[in-house]
Amino acid sequence: MINVEAVYWLIGILFVAWASLIAADTNHPRRWGSSAFWGILGLCFFYSTWVQAGTAPGWILGVAVLVLVVLASTGLLGHGKHRTSTGPERESYAKRFGNKLFIPALTLPLVTVILVLAAPVLNIGGTPLLDPKNTTLVALAIGAVAAVVVALLILKPKNPATPIFESRRILESIGWAALLPQMLTTLGILFTKAGVGTAVGTLASGLLPKGSLIAGVLVYCIGMFLFTVLMGNGFAAFPIMTAAIGWPVLVQTFHGDPAIIFAIGMLAGFCGTLCTPMAANFNLVPSALLEMKNKYGVITAQVGTAIPLLAVNIALMYFLAFH
């Protein structure tokens with residue numbers, strides 16, 4: 001069975017490979033700090049297998065995270081001089097391959113969807129081929145590998161290791177922000193374990209007018225928006241606001257439809273994603289990759305959509321989730 005640990009080990013191998021390339025780059029302005037950062041991260045993917053199995057202590061991972069924070073916050077990460085194509089070469093490739101350039105990008109979601117749908121019948125001797133608990137993640141990893149293979153077959157680069165070099169270039173362009181989604185998701189779990197949702201619920205219950213459905217909907221949706229802005233991740237905000245308002249007020253008190261409430265609540269949170277630099281992978285990374293003059297240019301362009309969309313989500317929840 002292809003389980004999720006195989007995916008994590010593949011990711012770890014990639015990070016270690018990138019770290020090795022950076023360490024070997026004598027012209028890199030921050031090669032030892034950058035190499036250490038990505039190398040430690042890669043080793044964490046390997047070590048976590050034994051932590052998950054209960055055969056190794058988890059505190060070592062905590063120390064590793066603190067080291068990553070120190071490396072990133074003290075300016076020890078940087079960009080090296082990467083071997084990549086020039087502007088004229090890219091224009092030449094675009095004219096030569098045309099729409100074929102989209103095939104690798106479309107291969108990834110296509111393979112992922114096919115594998116997810118076919119997973120129930122994919123088994124060998126009664127054993128599922130893909131990890132039933134993490135089918136989507138395993139399928140996504142296989143889709144990514146398939147997309148790389150298809151890209152190599154179509155583009156036929158002189159060096160078959162080109163994907164490793166190019167992915168290193170993109171990774172260093174993104175920098176430490178590549179880890180922000182995982183960090184923020186962990187923060188959301190910690191907030192939930194610490195009872196932040198309960199505390200927010202207690203505070204909100206004292207302020208909400210009794211029997212006011214519209215007030216409950218407003219607090220839930222706007223709370224999802226604001227917590228997502230602060231934490232940069234709608235998935236991190238969701239357990240807090242759902243424990244505080246979504247379940248006790250909107251579902252238990254007003255007998256709303258949980259599926260509709262929580263689905264629209266997530267959409268309200270995603271409106272916050274459009275407005276925050278904390279969602280670095282969505283809002284700051286594109287600015288860096290496109291070399292925009294205003295690093296907040298993506299957010300500026302999205303605010304005009306996010307606020308009206310939040311109002312629409314509030315209206316949809318109010319009119320659709322309650323009977």
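The legends below describe close-up views of a predicted model.

**View 1. A salt-bridge network joins Asp25, Arg168 and Glu172.** The side chains of Arg168 and Asp25 form a salt bridge with an N to O distance of 3.1 Å. Because Arg168 belongs to helix H7 (residues 162-174) while Asp25 sits in the loop between helix H1 (4-24) and helix H2 (31-53), this pair ties together parts that are 143 residues apart in sequence. Arg168 also pairs with Glu172, and here the closest N and O atoms are 3.0 Å apart; the two residues are 4 positions apart in helix H7, which means a separation of about one helical turn. Arg168 is buried, with a relative accessible area of 7%, and Glu172 is likewise buried, at 2% relative accessibility. Asp25 is buried as well.

View 2. With a relative accessibility of 24%, Arg169 counts as partly exposed. The structure as a whole holds 3 salt bridges.

View 3. Cys221 takes part in no disulfide, and the nearest cysteine sulfur, which belongs to Cys271, is 8.9 Å away. Cys221 is buried, its relative accessibility being 0%. For Cys275, the closest cysteine sulfur is again that of Cys271, at a distance of 7.5 Å, which is too far for a bond, because a disulfide requires the two sulfur atoms to be within 2.5 Å. Cys275 has a relative accessibility of 17% and therefore counts as buried, the limit for that class being under 20%.

**View 4. A nonpolar surface patch draws on helices H10 and H15.** The patch is formed by Ile214, Leu218, Ile222, Leu226, Leu309, Val312, Leu316, Tyr318, Phe319 and Leu320, which together have about 850 Å² of accessible area. H10 and helix H15 (297-320) are the elements that give two or more residues to the patch, and H15 gives the most, with 6 residues. Tyr318, found in helix H15, counts as partly exposed at 32% relative accessibility.

**View 5. Ile222 is shown in helix H10 together with Cys271.** Ile222 lies in helix H10, which spans residues 213-231, and it counts as partly exposed at 34% relative accessibility. Although Ile222 and Cys271 are 49 residues apart in sequence, their C-alpha atoms are 9.7 Å apart in space. Ile222 is also one of the residues that form the nonpolar patch.

Note on methods:
Residues are numbered from 1 along each chain as its sequence is written. This is a predicted model: local features need pLDDT of at least 70, side-chain atom pairs count only at pLDDT 80 or more; totals for chains, interfaces and linings use all residues. Side-chain values use heavy atoms; hydrogens and water are left out. Buried means under 20% relative accessible area, exposed over 50%, partly exposed in between (1.4 Å probe, protein chains only). Patches are made of residues with over 30% relative accessible area and no salt bridge: like charges are joined within 9 Å, nonpolar side chains (Val, Leu, Ile, Met, Phe, Trp, Tyr) within 5 Å. Accessible areas come from the Shrake-Rupley method with a 1.4 Å probe; for residues, only the protein chains shown count as cover. A salt bridge is a side-chain nitrogen of Lys or Arg within 4 Å of a carboxyl oxygen of Asp or Glu.
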